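Below is a brief report on strand pairing and core packing. The structure comes before the details.

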Amino acid sequence: PLLGDAPFYLLNSDSFWIEGARPNLHWLAGAWDDARMDVLLLLAPTVRAVGYRGRGDFRMDTNGRLTRRPEREVVPFAYAGAAIIHPRLFDGAPDGAFSLNLLFDKAGEAERLFGVRMDGVWLHVGTPEAITDAELSIADSAA
């Protein structure tokens, strides 16, 4: 009930990016479609990501609808730590702390999980080593 009844931005503290030609949060807002979506994720192409060593998180179809990465496969997009979420997605959510992946999967099962490809370079800083990589990328982008 504290979330209100309007969609809101979610930003992870271990992710940020070097903007491209268009501001990514504006891009997210412009792509939001309340009639079709409960979640809209900003996605980073894994091949250009800095500090990310995973296999990706999602496949995206031509309409932006997302499906999870099957086990043991590699997919082209990782969740870049920014999203728009509608509070209705929290209906029936567990009490206390829980992973938002539970809600992302719920939206996916209802075909209401979407994504947009970010513009720019995603910097994932979830480890000390990744911080150094991010600092070098920022310095290179300013040169």
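S137 sits in helix α3, residues 128–142. Helices (H or I, at least four residues) and strands (E, at least two) are DSSP runs, numbered from the N terminus. S137 counts as buried because its relative accessibility is 17%. Buried means under 20% relative accessible area, exposed over 50%, and partly exposed in between (1.4 Å probe, protein chains only).

This is a predicted model: local features need pLDDT of at least 70, side-chain atom pairs count only at pLDDT 80 or more, and totals for chains, interfaces and linings use all residues. Residues are numbered from 1 along each chain as its sequence is written, and side-chain values use heavy atoms, with hydrogens and water left out.

**Strand pairing**

Two strands pair if DSSP finds at least two bridges between them.

| Strands | Sense | Bridges | Residues opposite each other |
|---|---|---|---|
| β1 (8–11) and β6 | antiparallel | 4 bridges | L11 and A82 |
| β3 and β6 | antiparallel | 6 bridges | V39 and I85 |
| β3 and β7 | parallel | 5 bridges | L40 and F114 |

How many residues of β6 are buried? The count is 9 of the 9, so β6 is largely enclosed by the rest of the structure. For β3, 7 of the 7 residues are buried, so β3 too is largely enclosed by the rest of the structure. Both faces of β3 are covered. V39, L41, L43 and P45 are buried on one side. L40, L42 and A44 are buried on the other. In a regular strand the side chains alternate between the two faces of the sheet.

**Nonpolar cores**

A nonpolar core is a set of buried Ala, Val, Leu, Ile, Met, Phe, Trp, Tyr and Cys residues joined through side-chain atoms within 4.5 Å. The largest has 17 residues. Within it, L28, L40, L42, A80, M118 and W122 touch the most other members. Strands β3 (39–45), β6 (77–85) and β7 (113–117) each supply at least two residues of this core. The largest share, 4 residues, comes from β6. Another core, of 15 residues, lies apart from it and includes L41, L43, F77 and L89.

Leaving aside its neighbours within four places in sequence, L42 is in contact with W17, N24, L28, A78, Y79, A80, G81, A82, V116 and M118.

Methods
Contact means heavy atoms within 4.5 Å.
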